[in-house]
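Good morning, and thank you for the time. May I ask you to keep the sequence and the model in view while I speak?

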Amino acid sequence: MKMKLGDPTLDQLRIFLAVVEEGSFGGAARRMDRAVSAISYGVAQLEAQLAVTVFEREGSRKPTLTDAGEGLLAEARSVTDRLDALLAKAQSLHAGLESSIGLVIDVMVPGEVTARVLRDFRNTFPTIALRLRVEGLGAVAACLIEEDAQLAIGGPAIDDAPDLERQAIGNIELIPVAAPDHPLAKPKIKPGSSREHLQLVLSDRSTRTQGREFSVLSPLTWRLGDLGAKHSLLKEGLGWGNMPRHMVADDLADGRLVELDLPEKPGDTYTLSALWRRNTRLGPATHWLIDAFFDELSA
């Protein structure tokens, strides 16, 4: 015949964990501001509901977990942790915090900047679920408008989106680079020479910038949707192209890439903005993200 177990209460589980963590019934009573008899009663009720003994009480002043108590300990912690997370989430909602945020970040944003901001965000807003995407050019706006993200950190490719609000938060310097043995790496390059060589170009995964070109000089192009792939091909000498200075700084210092001195000066300043839909009311955590990226990128 199958034994029918009762339903332990959350309070009984908290009492059980307090005894384990404090090492005594008296310590648990002080921590929970209750009488020792109330702690003993709570443990006894838990044992009755589960039909097991969780503490050995004989022969020692310190309660020792039984095998059954050891087996239940992790589950008891899991239950109370999940409820604590639920209560924290509810409290944050009452305080006006967002329950979740969809964030889209331009590939041009330095990775270490993104990492620092998101680390601090997790520490400051542990109850908010953050959905992160990293995209380039018009795909940033596509995620924001079409996929219901709440905030984007994007570049000038989406300056003309009428349904977005924007706040400039910093600039990224783009410079033309190539491998040191590339023909364009020689001094005194003649005007028009860049058109004779393969240019590696970051392409847009979306259709929002279809028909538009950004600092493209050569009719010979390879279009890449990934900035990391472009970086690798440049180092292999397979073409020339613009890259964020911060991303190639080590390569320039070590001679793996060189900055090109082209007559057309195809380098650029890539302005980054925080973007959001005009019909969206931003919450405090989203405002925090805007301020944090501004502090990092405008320094």
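First, the basis. This is a predicted model, in which local features need pLDDT of at least 70 and side-chain atom pairs count only at pLDDT 80 or more, while totals for chains, interfaces and linings use all residues. Residues are numbered from 1 along each chain as its sequence is written, and side-chain values use heavy atoms, with hydrogens and water left out.

Let me begin with helix α5. Helices (H or I, at least four residues) and strands (E, at least two) are DSSP runs, numbered from the N terminus. Helix α5 has 14 residues and spans 20 Å from its first C-alpha to its last, close to the 20 Å expected at 1.5 Å a residue; the expected span is 1.5 Å times one less than the number of residues. Which residues of α5 are buried? They are Val113, Thr114, Val117, Leu118 and Phe121. Here buried means under 20% relative accessible area, exposed means over 50%, and partly exposed lies in between, with a 1.4 Å probe and protein chains only. Viewed down the axis of α5, the buried residues fall within an arc of 115°, so they line one face of the helix. That arc is taken from the directions from the helix axis to the C-beta atoms. On the other side of α5, Gly111, Arg122 and Asn123 are exposed. The buried residues of α5 pack against β3 (100-106), β4 (129-135) and α9.

Thr80 sits in helix α4, residues 67-94, and is buried, with a relative accessible area of 3%. Apart from neighbours within four places in sequence, Thr80 is in contact (heavy atoms within 4.5 Å) with Leu10, Leu13, Arg14 and Leu17.

I turn now to a pair of strands. Strand β6 (residues 164-178) and β9 run antiparallel and are joined by 4 bridges; two strands pair if DSSP finds at least two bridges between them. One of the partners is Pro244 in β9, which is bridged to Leu174. Strand β9, residues 241-244, is covered on both faces: Gly241 and Met243 are buried on one side, and Asn242 and Pro244 on the other.

Next come the charged pairs. Side chains of opposite charge can pair when their charged atoms come close. A salt bridge here is a side-chain nitrogen of Lys or Arg within 4 Å of a carboxyl oxygen of Asp or Glu. How many salt bridges does this rule give? The count comes to 12. Among them is the pair of Glu296 and Arg116, at 2.8 Å from N to O. Glu296 lies in helix α9 (residues 284-297) and Arg116 in helix α5 (residues 111-124), so this pair ties together parts 180 residues apart in sequence. Glu296 is partly exposed at 27% relative accessibility, and Arg116 is partly exposed at 32%.

Another salt bridge joins Glu259 and Arg245, with the closest N and O atoms 3.2 Å apart. Since Glu259 belongs to strand β10 (residues 258-259) and Arg245 to helix α8 (residues 245-254), the pair ties together parts that are 14 residues apart in sequence. Asp254 and Arg256 also meet in a salt bridge, at 3.1 Å from N to O. Asp254 is exposed at 53% relative accessible area, whereas Arg256 is partly exposed at 37%. Finally, Glu21, Glu22, Arg31 and Arg77 are linked in a network of salt bridges.

On the aromatic side, a search of the whole structure finds 5 pairs. Rings of Phe, Tyr and Trp (its six-membered ring) pair if their centres lie within 6.5 Å; planes under 30 degrees apart count as stacked, over 60 as edge-to-face and the rest as tilted. The rings of Phe121 and Phe125 have centres 5.2 Å apart and planes at 40°, so that pair is tilted. Both Phe121 and Phe125 are buried. Ring pairs also link Phe16, Phe25 and Phe55 into a cluster.

I close with the backbone. Most residues other than glycine have a negative phi. Asp33 has a positive phi, near 55°; Asp33 is in the loop between α2 (25-32) and α3 (36-50) and is exposed at 71% relative accessibility. Lys188 also has a positive phi, near 55°. Lys188 lies in the loop between β6 and β7 (199-202) and is exposed at 83%.
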